[in-house]
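Dear colleague,

I am handing over the structure we spoke about, and my notes on it follow below. Please read them with the structure open beside you.

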Amino acid sequence: MIEQIDSLLSQARAELSTAADEQQVEAARVKYLGKHGSLSGLRKGMGAVPAADRPKMGKLVTDAIAQFEALLEETRKSISARALQADLQREKLDVTLPGRTHRRGHRHPVSQALDDIVEIFARLGFHKADGPEIEWDIYNFEKLGIPADHPARDMQDTLYLEAPVRSLAGTPATLLRTHTSGMQIRYMEQHPPPVRLIAPGRVYRRDNLDLTHTPMFTQVEGLVVGEGVSLADLKGTLFVFLRELFGEARELRFRPSFFPYTEPSAEVDISCGACGGTGRDCGMCKRTGWIEILGSGMVHPAVFQAVGYDADRYTGFAFGLGIERVALLKWGVEDIRLFYENDLRFLEQFPL
Ligand code: 2NM
């Protein structure tokens, strides 16, 4: 029996020494000390031991069990210590590694061009207007003298809301503004002349995407109203503005045009920066030497009447231009869609 005790104990010891986790320790405990365990089974065999040897044998069995229990505890401790060590190893921080740097962002090229333009006009004494992108029919069309049967009002050209949005004033906003003129109309309704106003913002038109069109683009409109404001003031202001924006070398050209809310109206071209205005083999200006940059005109008296201004006393000029177009020309970008694809390889070429 003594041999049996010794061999069970060394067998149990060997098993524990290879146990890799808590489950294996527990399996060994059950195997040797469980209900049907081989060490605990020794107690049941005591009946076969002669009575005189029983106390001695009993003590040997008890000692063996106690040794095994101590070994179990020791093994559990060393397994959990090993697990902790592994956790610490995993969580170890190398404080000497270089930190993760944050990449510095910058303003979108269209925002940069817009800020440049607003800044130039701020220096010329223009206020900046703000207003809603969803607009009422009367502010986008009616008060600008764009009649109900005008093609601009067609579903083909204007984006209408599926459900009109009720405003506090009670008038429903029904469309996405096609220009920023609504802000200027509102301003004139609330302020008497003189007016020197710049109205920048996003505008929407029902256009399909191509090299020069996106259904949303950014516009800046300007408005000057006062006594004796003339076409010469219009030309002078735009001349100063465009030369500030594109450089002193540029020539300007006024071409007669038509807008429902100005009379007379003019489109303004600047000489092409790519060919110096010669047009020779130039793809930028399609060999004309000129690039169309903005629309303008003297505000129609009907617009003044619509906002409650005395059309006999006051005159004014207005103009509008697309910022993306300015950005295209300024940086020689060939496709307007690039501005709205948010491809960083494109955007990162416009630092600051
Ligand atoms: C343009 C061309 C010509 C314009 C007119 C007005 C308003 F509200 F005062 F009547 N704002 N902007 C205007 C005039 C805009 O864009 C090509």
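Of the 352 residues in the chain, 41% are buried, where buried means under 20% relative accessible area with a 1.4 Å probe and only protein chains considered. Please keep in mind that this is a predicted model, in which local features need pLDDT of at least 70 and side-chain atom pairs count only at pLDDT 80 or more, while totals for chains, interfaces and linings use all residues. Residues are numbered from 1 along each chain as its sequence is written, and side-chain values use heavy atoms, with hydrogens and water left out.

The chain holds eleven helices and ten strands, which are DSSP runs (H or I of at least four residues for helices, E of at least two for strands) numbered from the N terminus. Its radius of gyration is 43 Å, well over the 20 Å that the globule rule gives for 352 residues, so the chain is more spread out than a compact globule; the radius is taken over C-alpha atoms, and the rule is 2.2 Å times the number of residues to the power 0.38. Along the principal axes, the C-alpha atoms fill a box of roughly 135 × 55 × 35 Å.

As for contacts (heavy atoms within 4.5 Å), 64% of those with a separation of 6 or more join residues 24 or more positions apart.

One residue I looked at is glutamate 263, which lies in strand 8 (residues 262-271). Leaving aside residues up to four places away in sequence, glutamate 263 touches Met298 and His300; methionine 298 is 35 residues from it in sequence, with 5.3 Å between their C-alpha atoms.

Definitions and conventions. Buried < 20%, exposed > 50% of the residue type's maximum accessible area, 1.4 Å probe, protein only.
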